[in-house]
Amino acid sequence: MSKLFNEDVIEEITRNGDQWQQNAGHAGKANDREFRTLSGIPVEPVYTPEHTADMDYLRDLGFPGEPPFVRGVHPTMYRERTWTMRQLAGYGPPEETNKRYKLLLSEGATGINGIFDYPTLRGYDSTDPLARADCGRGGVAIDTLEDMRILFDGIPLEEVSSSLVTCQPICNITVQSMYFANARNRGVPLDKLTGTSQNDFLMETCMATAPGVLPPKASFKLSCDAIEYCTKHVPRWNPISFAGYNYRESGCTADQEVAFVIANAIACSEEMVRRGLDVDSFAPRLSFFMNGQSDFFEEIAKYRAARRVWYRVMKERFKAKDPRSLAFRFHVQTAGVALTAQQPLNNIARSAYHALSAALGGAQSVHIDGYDEALCIPTELSSITALRCNQILQLETRVTNTVDPLGGSYFVEALTGKLEEKILMLLEEMDGLGGIVKATETGWIHGKIADAAYEYQNDIETGKMPVVGVNCYRMDDEVLPIELFEVPETAKVQEKRLKRIKKERSDSEVQRALDAISRCCDEDGNLMEVIVESVQSLVTEGEITEILKDKYGVWNPPLF
């Protein structure tokens, strides 16, 4: 046992603490203000060793890079290697986003974080009547392998780590296949590629849903196909990034965010083992995408609790042996939902604090939102400003000088423990429901998120949660101090390119490719194995999606 204080010391501190509360006026004092975290955890006026009396240092904290990894997944953390500055970018046709990628890289970004437009994310071609109006909005438009070639033209794929925000598996199975096919066409071996795909079935079935999404079971299968393919062929690629960020943007709490990503990862791990893979062959490449919200200390505690829970899940449940399988690695994007359209320059400060909590919580990569993201796609100025915030944090604040600087804080350690308890309770509840897929099919996940989102919004509207510029310190007749980004004409560009491609491509090769995908569905094979080859014929994403929907059917999520 390696407890930090003995019982006599704790009793003495407790007695003195009670007296302090009386003297300070805390005990029994009527106060209509509740001090709670965003997740509803009560916050005491002061924290002492009494609040961490049950903590065993070696069991519950340990050292950085060692079990249970609470203090960081690497021994030296940022002293040796700082987090990747991976700024999100994507809009319009691929030519335009290619320019933004190159701009960010030239200004010091150390990775690409590519977002795709709404039609692409939902499996539609840019010319589809259901999606045409959203072409190029919210991300870059990708229809065929030709678009992928243009998007990464002039960017050294073997040197730059790329994150593909292919949230939904129906998008990921095609777009990720195009990325791999493009690399092969450029002579880059797949085992040289580094990067991450989001590829989270909850995105398709719970968060960013579209008309006629795949059923949860089918969407989950596509997600697992990508994990299996990358494990065998693209060993340095993270084939999934469980998208807690988007869960949080939809309204869930910090403990729900962690519980849902870990439950999702448990389900994927169980499926990979069922397919015959050893846990240590794929688990080191499972990654997580987390939200940096405004409750500063709760966010830091959330990241630390997630590492401890994941370590114990992989060690005890899956008997993983590789230390990399036991380490919860994550990217953080600062909270878009916390940004305001009112007084948008205030968002620079908000996002900087969000990023600081990510750094103090031990993130492996960080994206800072642009100050104008509540209004439009970020301009070049807001994108560079966000990148500079990341660079100032990394180079000027000296938070990288020591590992886990808040480790040992009575408040942070107590809050980490409370969050862990809430996370474990949710995981146990989902296990009782039959796992994350069943919990999605029944609408349980939807209900949890809807309830939390309602409470969050109600707290803002009633003023219980102050938001500067929205429900306090408002400015009447505010004039926006910024220019708004205008999305370049995209639908006509994509329509012209698609028309040319369909005229020039071989109809017989296209049909063979689509037939191969159809057979793979019938035979329950790994679809990515087939689609990486099929996209060479310049089949469109929409054509592939049509087959998947025909074979697996569509699903209407439960509404609350």
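Aspartate 404 counts as buried in this predicted model, at 8% relative accessibility, where buried stands for a relative accessible area under 20%, exposed for over 50% and partly exposed for values in between, computed with a 1.4 Å probe on protein chains only. Its phi is near 50 degrees, a positive value in a residue other than glycine, and aspartate 404 lies in the loop between helix H14 (380-395) and helix H15 (410-433); helices (H or I, at least four residues) and strands (E, at least two) are DSSP runs, numbered from the N terminus. Aspartate 477 also has a positive phi, of about 55 degrees, although it is not a glycine, and its place is in the loop between helix H17 (444-461) and H18. At 75% relative accessibility, however, aspartate 477 counts as exposed. A further backbone feature is the cis peptide bond that joins proline 67 and proline 68, with omega at about 0 degrees; proline 68 belongs to the loop between helix H2 (57-61) and S1.

Residues are numbered from 1 along each chain as its sequence is written. Because the model is predicted, local features need pLDDT of at least 70 and side-chain atom pairs count only at pLDDT 80 or more, while totals for chains, interfaces and linings use all residues, and side-chain values use heavy atoms, with hydrogens and water left out.

The secondary structure of the protein chain comes to 21 helices and ten strands. The radius of gyration is 24 Å, close to the 24 Å that the globule rule gives for 560 residues, so the protein chain is as compact as a globular protein of that length; this radius is taken over C-alpha atoms, and the globule rule is 2.2 Å times the number of residues to the power 0.38. Along its principal axes, the C-alpha trace spans about 85 × 60 × 45 Å. Of the 560 residues in the protein chain, 57% are buried. Among contacts (heavy atoms within 4.5 Å) with a separation of 6 or more, 79% are accounted for by residues 24 or more positions apart.

Five strands form an open sheet in the order S1-S10-S9-S8-S7, with parallel pairing, two strands being counted as a pair if DSSP finds at least two bridges between them. Its edge strands, each pairing on one side only, are S1 (84-85) and S7 (240-243). Strand S1 is joined by two bridges to strand S10 (residues 365-367), to which it runs parallel, and threonine 84 stands opposite serine 365 in S10. Helix H10 (residues 254-274) lies across S7 and strand S8 (286-292), running at about 165 degrees to S8. Helix H13 (residues 346-360) lies across S8, strand S9 (330-334) and S10, and runs at about 165 degrees to S9. For these angles, axes are lines fitted to C-alpha atoms, for helices over the stretch in contact, and the angles run from 0 to 180 degrees between N-to-C directions.

In helix H6 (residues 169-185) is found asparagine 172, which is buried, with a relative accessible area of 0%. Leaving aside neighbours within four places in sequence, asparagine 172 is in contact with Thr166, Ser177, Ser197, Asn199, Ala226 and Met528. Of the 17 residues of H6, 15 are buried, so this helix is largely enclosed by the rest of the structure. Just after H6, glycine 187 takes a positive phi of about 85 degrees.

Side chains of opposite charge can pair when their charged atoms come close. The structure holds 33 salt bridges, a salt bridge being a side-chain nitrogen of Lys or Arg within 4 Å of a carboxyl oxygen of Asp or Glu. One of them is formed by glutamate 495 with arginine 132, the closest N and O atoms being 2.8 Å apart. Glutamate 495 lies in helix H18 (residues 491-504) and arginine 132 in the loop between helix H4 (118-121) and helix H5 (145-151), so the pair ties together parts that are 363 residues apart in sequence. Glutamate 495 is partly exposed at 37% relative accessibility, and arginine 132 is partly exposed with a relative accessible area of 33%. Arginine 497 forms a salt bridge with aspartate 147, with the closest N and O atoms 2.9 Å apart. This pair links distant parts of the chain, arginine 497 in helix H18 and aspartate 147 in helix H5, 350 residues apart; both arginine 497 and aspartate 147 are buried.
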